Amino acid sequence: EHKEFQEADIVHYHLIHNNMLSLPDFSKLTMLKPSVWTIHDPWAFTGHCIHPMECEKWKTGCTPCPRIHDHFPMRYDKAGQMWKIKGQVYREMDIDIVVASKFMEDYVKNSPLTSHFKNIHRIPFGIQTENFQNATRENARRRWKIPDNHFVIAFRSEQSEYKGVKYILGMFKKLTSTKPVTLITVGFEPLPSTLAKRYNVIELGWQNDLNTLYDFYAACDVFLMPSIAEAFGLMAIEAMASARPVVVFEGTALPSVTFAPECGIAVPYKDSEALRAAVERLMNNPDECRRRGENGRELAEQNYRFDDYVSRHIELYREILKRKGSGNCNG
């Protein structure tokens with residue numbers, strides 16, 4: 001009923017599972033207008049959860065569901081029923097699919113629910129890469145009084161298990177290097193007070209100030225992002241644009257997003273010891289730190305510019321209108 005919908009040449013959907021619309025309505029809406037759906041996470045392929053992680057029941061029907069109380073809690077296990085409903089709805093849809101990573105593209109192609117979709121487009125998210133190049137290591141460290149000889153480890157500290165903070169904390173218990181270390185974090189979750197006895201700890205909390213974020217990356221020697229569920233990873237490309245090496249876990253989108261092993265370092269999934277080994281290797285090899293950081297900045301410029309993200313969508317819209325023979329292809 002909205003004027004915007006009625007007058008649109010194309011309707012582009014994003015996160016439809018945040019109480020926005022019903023699945024049957026979704027298929028009906030896509031019949032009314034040429035439609036694009038950016039799939040941000042694996043919810044589209046499961047009967048219930050947002051991130052299946054090691055569970056592979058999304059390939060066979062999600063029965064029984066081992067985590068019905070996660071995300072959107074179910075009183076009874078209806079995940080298998082929801083999986084079948086999604087399959088029925090998707091079969092009725094003629095839609096272009098956009099994903100941001102190869103990880104998500106593989107989900108689309110391998111899921112029994114979505115493998116029939118033909119028009120799949122990989123368009124990585126973009127950032128203003130040039131903004132991350134203005135902050136300097138010297139000024140950022142001066143801002144927080146970080147000694148020049150410290151090796152600075154940056155990461156996001158959140159309570160969510162998906163961000164993998166517990167594996168970073170496990171790594172700190174194993175760290176053997178005698179080099180002085182500063183930890184700098186953004187995020188809502190405070191670090192254990194015991195870390196301050198061994199390291200210089202700087203906690204910036206949740207940040208909306210962009211200049212603080214630019215300095216956050218500029219101050220560090222390495223950015224850790226050991227997420228155990230990640231469909232893209234915006235902070236990883238921000239660190240790359242800041243010319244800082246990134247260490248991630250295998251099994252998520254992050255190895256491909258960070259171009260591991262040439263740029264990012266991907267270590268075995270949920271392995272604190274492997275995380276420690278990667279960090280200590282960088283601590284002892286400043287040339288490798290610098291090389292990976294420089295590669296990251298170059299790759300961010302080549303692949304993750306916001307202007308490219310926008311222009312590729314405009315190209316997609318024009319191609320859809322031409323293919324479907326409707327709308328203004330020059331708009």
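These legends describe close-up views of one predicted model. In this predicted model, local features need pLDDT of at least 70 and side-chain atom pairs count only at pLDDT 80 or more, while totals for chains, interfaces and linings use all residues. Residues are numbered from 1 along each chain as its sequence is written, and side-chain values use heavy atoms, with hydrogens and water left out.

**View 1. Strand E8 and its side chains.** E8 covers residues 222-225. Strands (E, at least two residues) and helices (H or I, at least four residues) are DSSP runs, numbered from the N terminus. Val222 and Leu224 point one way from E8. Phe223 and Met225 point the other way. All four are buried (under 20% relative accessible area; exposed is over 50%, partly exposed in between; 1.4 Å probe, protein chains only).

**View 2. The strand partners of E8.** Two strands pair if DSSP finds at least two bridges between them. Strand E5 (residues 151-156) pairs with E8 in the parallel sense over three bridges. Here Ile153 has Val222 as its bridge partner. E8 also pairs with strand E9 (residues 246-249), in the parallel sense and over three bridges. In that pairing, Phe223 stands opposite Val246.

**View 3. From E8 over helix H8 to E9.** E8, H8 (residues 234-241) and E9 make a right-handed β-α-β unit. Right-handed means that, with the strands pointing away from the viewer, the path from the first strand over the helix to the second runs clockwise.

**View 4. A salt bridge between Asp96 and Arg323.** A salt bridge is a side-chain nitrogen of Lys or Arg within 4 Å of a carboxyl oxygen of Asp or Glu. By this rule the model has 21 salt bridges. In the Asp96–Arg323 pair, the closest N and O atoms are 2.8 Å apart. The pair links distant parts of the chain: Asp96 lies in strand E3 (residues 96-99) and Arg323 in helix H12 (residues 306-324), 227 residues apart. Asp96 is buried, at 0% relative accessibility. Arg323 is partly exposed, at 33%. Glu319 joins Asp96 and Arg323 in a network of salt bridges.

View 5. Glu56 bridges to Lys59, with the closest N and O atoms 3.5 Å apart. Glu56 is partly exposed, with a relative accessible area of 48%. Lys59 is partly exposed at 37%. Asp307 forms a salt bridge with Arg305, and their closest N and O atoms are 3.6 Å apart. Asp307 is partly exposed at 46% relative accessibility. Arg305 is partly exposed at 28%.
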